[in-house]
Amino acid sequence: MEQLIQTAIIGLSNGLIYALVALGYTLVYGIIELINFAHGSVFMLGSMLALTLFLALGIHGSMPVGVILLAILLVLLVTMTVTATLNVAIERVAYRPLRHAPKLAPLISAIGMDFVLQNVGLLWKGPANQSIENIVPPTNVLTTVLGLQTGLEISYKQLMVAAVTIPLLVALTWFVTRTRQGKAMRATAQDPDTSGLMGINVNRTIAITFLIGGALAGAAGTVQILFNNTTVWNLGFRFGLNAFTSAVLGGIGNLPGAVLGGLILGMINAYSDRYLAAQWTNAIVFAVLIGILVFRPTGLLGQQLAERA
Amino acid sequence: MSGIDDPRIIEAARREAPRSGVLGWLANILDAITGIPGKWRESFRRGPVRTVALTVLLGLGVAYPILALYVLAPFSRNVFPLPLAGDTDLVFMLIFATMAIGLNVVIGFAGLLDLGYVAFYALGAYTAAFLASPHWSGLSFVLLSDVPPGFPGIHIAFWFILPLAAIVAAFWGALLGAPTLRLRGDYLAIVTLGFGEIVPVIFKNLVGVNFELGPIKLVDANLTGGPLGINPIDPPNLFGIKFGAVGGVAPVYLAMVIVFVSLLIARNLEHSRMGRAWAAIREDETAAEMMGVNTVRTKLLAFALGASFAGLAGSLQASYQGATTSDFFQFSTSILVVIMIILGGIGNIYGALVGALALVYVDKVLLAWIGQRMQGFGRSIDNDAIAHLNPASFNFLIFGIVLVAMMRFRPEGLIPNRQRTAELHEAPPDQAIGSAAVLGEAAIASEAQAEAIAEEVASEQGSASQPDAPPRDPDGAGP
């Protein structure tokens with residue numbers, strides 16, 4: 001029983017990172033109906049940038065807590081800014097000129113962009129895994145801080161994932177549902193032409209959507225490097241497909257759905273790794289993806305047209 | 001634009017109208033071959049310079065393997081500015097050409113984006129590996145192979161495996177397509193991508209299987225060779241000539257024959273009733289359905305038939321190399337084939353051929369050669385960074401840029417298909433309203449389409465088929 005719960009905890013913390021990336025897919029799909037293949041690689045470049053920054057700042061786990069927290073906040077901000085800018089640039093170069101082309105044209109362009117970004121990562125860091133020492137300690141909070149007698153383990157690392165991810169999710173929900181720009185995003189998602197006639201700058205709204213998606217990918221990259229300590233040039237492909245599967249699982253275009261899908265997918269991954277065999281995990285994820293697309297293409301929560309952004 | 005009652009058009013349509021059934025298909029291919037001299041004369045009358053140039057190019061292409069390997073090889077370093085492709089490179093260029101021709105049926109003709117085409121390549125390769133190797137060492141079955149009787153394993157001659165691999169791939173294509181082809185274009189792309197990832201994982205992991213179900217009992221069974229794959233696989237063999245990896249030009253010509261037959265089949269498919277149904281679905285699925293096209297079945301056939309070409313290519317790859325492993329079948333290979341047909345010209349069979357030859361040449365020969373040059377240059381100027389730069393490992397950087405740039409600037413490819421070009425440059429109807437310039441463009445597009453439709457109507461009349469008859473089943477691979 002303890003093992004079952006422990007696996008769920010591991011799954012949920014990975015699932016939160018999936019959710020951050022999945023939101024990028026779902027936001028973009030919601031607004032221009034494009035599977036942004038390059039998104040996974042934006043996340044990968046974000047993790048590489050975060051790794052580089054942590055190493056450049058010389059941050060390590062034995063430093064005072066305040067310094068570490070400040071460093072994480074700084075790296076998070078820089079990474080999010082860079083990946084957001086990158087994502088907007090990608091939209092400008094590879095997708096905007098194809099806005100009125102047949103639907104498969106931007107998809108193919110996105111695949112090309114994905115390969116370009118992967119190779120940027122390869123040129124930058126080489127083909128080997130890039131690792132970093134623990135910055136947030138993997139100490140068990142339950143036994144050491146709370147003094148509980150339990151076999152379960154929730155580490156500072158896992159709390160860090162939640163502490164970064166959950167505020168971002170809340171902020172995103174607030175932005176999309178409560179602000180003027182969020183309203184413009186929802187309107188553009190419903191009908192770009194009519195939105196344009198109503199005075200919404202459609203191109204700018206789409207660019208802002210990519211900006212937000214890119215920022216979330218950068219945050220996910222930073223969290224990934226802090227949580228899993230490693231990154232590699234083709235990380236974005238597998239991770240991106242997992243995140244895309246999450247988005248589809250929850251109902252693509254649906255923001256709460258992406259988060260739910262991410263959490264479920266993180267659990268599926270964790271349980272498959274633990275109770276089946278790790279080498280089958282990818283096949284299982286894809287089988288889930290195919291199964292959902294075939295039997296319930298709208299996902300678990302369905303496409304809430306009024307809310308999709 | 002000639003009228004549809006022009007006797008020449010009706011005659012041309014009659015010639016191109018396909019016959020159904022396997023025998024009909026063989027007859028079609030035979031027709032196509034025997035019709036070549038006549039077609040050549042007609043083409044010569046229309047454009048003698050172009051025809052002669054193309055003929056010389058084709059002749060050079062056919063003679064190239066012999067020239068390259070036996071005549072030019074010693075001089076190549078000094079005579080040519082670019083490196084020559086060796087026999088292995090040529091075989092792979094042709095294997096990929098077969099795949100590009102097949103994927104063009106799926107993407108180019110029917111407009112379905114298949115991102116997991118490599119799965120069918122893998123299925124073809126493993127079909128050859130299972131049926132022509134000592135892998136099933138508990139069995140002994142030899143069929144028309146040059147392996148001595150009683151040798152462990154199943155050994156079936158390549159000439160049986162080749163069509164069998166096509167059928168296996170088509171079967172799996174139909175099996176995957178049946179539930180998924182109702183999906184929208186981008187969802188289909190993702191499902192196929194998933195399939196392309198699952199198949200190699202299954203081939204990699206089905207080793208040490210323990211399984212019991214009724215009479216079937218497996219204990220630590222090695223089903224697929226695991227990460228090591230399967231080898232040795234028997235090379236193709238005809239009258240004692242072996243077409244394996246050390247066979248010199250022989251396997252190149254075998255691959256050439258396979259590409260040639262693939263070209264003929266693809267060309268026949270394009271001009272068949274089925275091909276016209278594909279074009280209709282590609283342009284407007286709803287309208288096609290209204291006109292009585294059974295869309296799911298038509299798409300399924302495109303998917304299955306397209307997959308069968310990859311089956312051919314896979315069985316050739318395995319038999320030629322004498323080994324196959326699951327690592328050979330990556331997502332990037334699927335994308336490579338997609339790039340080939342986009343570069344060559346989506347919907348154009350000859351574009352797919354040229355795209356495949358060019359891309360594999362760049363990937364396998366040119367980049368390695370440039371890398372050597374750069375290493376030499378780097379050492380000569382004592383620059384470590386240049387000496388250790390290997391452009392071949394950044395091939396997908398180049399291909400990715402090509403993909404983005406092609407979509408942006410020339411989506412119809414280098415050798416465009418006229419009908420496809422019209423579609424790609426056509427503004428969607430709701431965007432066209434209210435803009436005179438766009439309307440003009442749309443008008444040009446629809447004129448080209450109208451012409452193409454007129455041609456199709458003409459061949460429809462020629463084939464005298466009933467409009468409500470079900471689409472013909474070109475090789476019986478239907479559901």
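Okay, let's start where the two chains meet: 36 residues of chain B are in contact with 34 residues of chain A. Keep in mind that this is a predicted model. So which parts of chain B do the touching? Six helices of chain B each put in at least two residues: helix 8 (158-180), helix 9 (185-205), helix 14 (331-344), helix 17 (395-409), helix 18 (418-424) and helix 19 (429-432). Helix 9 of chain B has the largest share, with 13 residues on that side.

For chain B, the average pLDDT is 79, and 82% of the residues score at least 70. Helix 7 of chain B, residues 118-131, is where confidence in that chain is highest, at a mean of 93, while helix 19 of chain B is where it is lowest, at 43.

Over residues 429-447 of chain B, pLDDT stays under 50, and the model has 15 contacts for them beyond four places in sequence. Residues 460-479 of chain B are also below 50, and that stretch has 46 contacts in the model beyond near neighbours in sequence.

Over to chain A for a moment, and a helix pair. Helix 6 (residues 156-178) and helix 7 (residues 180-190) of chain A pack at about 75°, with their axes 5 Å apart. That angle makes helix 6 of chain A roughly perpendicular to helix 7 of chain A. Who meets whom? From helix 6 of chain A we have A:Phe175, A:Val176, A:Thr177 and A:Arg178, and they meet A:Gly182, A:Met185 and A:Arg186 in helix 7 of chain A. By type, the residues of this contact are three nonpolar, two polar and two charged.

Last stop, back in chain B: an open sheet of three strands, order 1-3-2, with mixed pairing. Strand 1 (132-133) and strand 2 (140-143) of chain B are at the edges with a single partner strand each, so each has one side without a neighbour in the sheet. Strand 2 of chain B runs parallel to strand 3 (residues 153-156) of chain B, and four bridges join them. If you want one bridge to look up, B:Val142 has B:His155 in strand 3 of chain B as its partner.

Terms used
Residues are numbered from 1 along each chain as its sequence is written. Chains are lettered from A and ligands numbered from 1 in the order in which they are written. This is a predicted model: local features need pLDDT of at least 70, side-chain atom pairs count only at pLDDT 80 or more; totals for chains, interfaces and linings use all residues. Two residues are in contact if their C-beta atoms, placed from the backbone, lie within 7 Å. Axes are lines fitted to C-alpha atoms, for helices over the stretch in contact, and angles run from 0 to 180 degrees between N-to-C directions. Angles under 35 degrees count as roughly parallel, over 145 as roughly antiparallel, 65 to 115 as roughly perpendicular and the rest as oblique. Ala, Val, Leu, Ile, Met, Phe, Trp, Tyr, Cys and Pro count as nonpolar, Asp, Glu, Lys and Arg as charged, and the others, Gly among them, as polar. pLDDT is the predictor's confidence in each residue, from 0 to 100. Two strands pair if DSSP finds at least two bridges between them.
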